[in-house]
Amino acid sequence: MPWALPIIGHLHLLGQYEVPYQAFKVISKTHGSIFRLKLGVVPAIVVNGLENIKEVLFVKATDFDGRPNISRYNDLFSGNRENSLAFCNFSNLQKLRREILQVHTFPRNFSSRFLKLDSIINLEMNELKSKINKENCLTNFKIHLSSTIANVFFIYFCSKRFDTSLPKFQEMIQNYDSVFYEVNQGYASDFLPWLSYFQSKNHTRKLSQMSKAIRAFVMENLMNDRIVKYERNERNNNDEEDYVDSLLERVYNNRDKAKMDLNTALFSLEDIVGGHTAISNFIMKTLGFLVNHPNVQAKIQKEVDAITLISRDVTLADRKQMPYTEATILESIRMIASPIVPHVATQNSSIGGFEVKKDTMIFLNNYDLNMSPELWSEPENFQPERFINADGRIVKPEHFLPFSGGRRSCMGNKMVQLISFTTLASLFQSYDLKKLPGQQYKVPIGDLALPYNTFRFNFSPRNLRL
Ligand code: HEM
């Protein structure tokens with residue numbers, strides 16, 4: 001174990017880097033690929049290297065499927081992080097929540113859900129483009145993009161579309177964005193709980209109010225009508241089941257061992273609808289990279305023009321014939337190197353022969369898997385080509401695990417790739433992305449979130465087809 005300071009333990013080591021995970025690689029050079037840290041009051045283990053990470057995620061998945069008990073997470077989920085899909089411990093209920101979700105977030109290619117998603121994205125992208133056409137340097141483009149993706153989510157999961165100019169809609173978008181930003185931050189007080197006494201109570205109160213407001217919006221606008229239908233037993237069995245139906249089916253016609261109550265259903269819906277923020281922040285970061293790489297933009301444009309013959313909208317079916325666009329998305333995910341949410345040992349176990357005590361927090365060094373010069377050539381450079389083989393097909397190396405794997409893996413993996421694909425292909429079909437004077441285009445890495453006020457772009461029409 002590296003040398004620790006009194007009280008704070010090794011926390012000081014993490015603060016010295018742009019991304020705390022960079023510290024893990026540096027420490028591993030002197031302390032081996034697996035080492036212990038004391039972060040404030042929390043015992044932790046850092047795991048570097050693909051084989052060790054696979055042992056945690058797959059081989060001994062049941063020993064390491066817990067999540068840390070961080071009080072901020074409790075505050076955001078009505079005092080109980082078990083309400084959250086990502087921050088709860090594993091349980092029969094979590095297994096059920098994942099099963100219910102899977103059908104919706106991993107639509108089989110060309111299934112009716114896949115085609116439904118395809119037409120929704122197209123409809124919403126045309127809306128976004130008509131806003132860009134009126135004002136090609138939209139103030140706070142991020143919020144316009146978030147509103148677009150939010151409507152994709154609302155229609156797909158809840159069969160509901162909103163007028164994006166409504167103040168209550170705008171407020172909801174901003175609330176989601178702020179809460180997403182918050183859960184992507186790490187604070188010393190996560191490891192030294194007494195520090196929170198010195199933190200601004202205003203900040204905590206504001207976030208807790210925002211998450212309450214989100215819940216109220218979801219209940220009032222997405223759940224209430226449907227609950228009434230279920231209570232009156234009026235659901236039409238011919239309706240295609242959306243995610244709200246899948247949840248309420250379990251609440252009202254319970255056939256599972258794990259109990260899904262209305263409250264759990266509400267939290268699950270609120271959580272998954274919030275996935276729109278992850279995707280819009282991700283696309284914004286991707287645009288942040290691409291504004292600095294006109295050559296990559298040109299290659300996407302060449303691909304999209306060849307497929308659509310500049311005469312039709314992009315569809316999800318085009319994705320397989322557009323490897324360069326897909327590779328650009330993978331390259332952006334790699335460069336952002338968003339961390340794997342920490343796991344927790346649920347029993348005494350071991351990793352790579354290294355003893356691990358129950359309740360130890362486990363950091364899986366995904367940053368290193370994405371950025372190590374031993375695994376990638378010129379890892380600091382944005383090069384989508386690295387994901388395309390000599391036959392022009394997409395290849396993902398085994399060490400590329402941006403969505404993690406196993407029983408706590410990301411539930412949004414496919415949605416991210418499908419929605420980002422159409423959004424990017426469709427934007428570059430119509431515009432060149434240009435810099436605006438005075439704007440800085442440095443994309444923060446090491447987490448998915450961007451601040452509410454972030455870079456803006458000039459979307460310059462290509463004059464091919466608008
Ligand atoms: C580029 C965007 C995204 C990236 C890179 C990403 C990555 C991840 C990672 C690394 C984890 C942790 C896995 C683990 O602990 O082993 C995770 C968890 C999760 N993600 Fe994502 N994610 C993204 C977007 C989304 C979206 C859009 C959704 C929802 C539609 C989503 C839903 C979830 C859920 C529910 C979990 C928790 C799963 C569990 O703990 O059982 N993610 N994600």
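C410 counts as buried in this predicted model, because 20 C-beta neighbours lie inside 10 Å. The cut-off for burial is 20 or more such neighbours. C410 sits in a loop, between α15 (366-371) and α16 (413-430). Leaving aside residues up to four places away in sequence, C410 touches F403 and S404. The UniProt annotation "binding site", from an unreviewed entry, covers C410.

C410 also belongs to the surroundings of the ligand. The shell holds 25 residues. The closest are A86, G275, S404, C410 and G412. The largest share comes from α12, with 4 residues. By residue class, the shell divides into 16 nonpolar, 7 polar and 2 charged residues.

F282 counts as buried because 24 C-beta neighbours fall inside 10 Å. Its contacts, not counting residues up to four places away in sequence, are V416, S420 and L448. A further pairing involves S332. F282 and S332 are 50 residues apart along the chain, yet their C-alpha atoms are separated by 8.3 Å.

Burial was also examined in helix α3, which spans residues 50-59. Its buried residues are N52, I53, E55, V56 and L57. An α-helix has 3.6 residues a turn, so residues three or four places apart point the same way. Strands contribute to the cover over the buried residues of α3. Among them are β1 (34-39) and β2 (42-47). The cover also includes β3 (343-344), β4 (349-351) and β6 (361-364).

At the level of the whole protein chain, 16 helices and 8 strands are present. The chain has 466 residues, and 40% of them count as buried. A compact globule with 466 residues would have a radius of gyration near 23 Å. The protein chain has 22 Å, which agrees. Along the principal axes, the C-alpha atoms fill a box of roughly 65 × 60 × 45 Å. Among contacts with a separation of 6 or more, 73% join residues 24 or more positions apart.

Methods: Residues numbered from 1 in each chain as written. Predicted model: local features only at pLDDT ≥ 70, side-chain atom pairs only at ≥ 80, totals over all residues. UniProt positions renumbered as here; feature names shortened; annotations may be inferred. Helix = DSSP H or I, 4+ residues; strand = E, 2+ residues; numbered from the N terminus. Buried ≥ 20, exposed ≤ 12 C-beta atoms within 10 Å, placed from the backbone. Contact = placed C-beta atoms within 7 Å. Near = placed C-beta within 6 Å. Nonpolar A, V, L, I, M, F, W, Y, C, P; charged D, E, K, R; others polar. Rg over C-alpha atoms; globule rule 2.2 N^0.38 Å.
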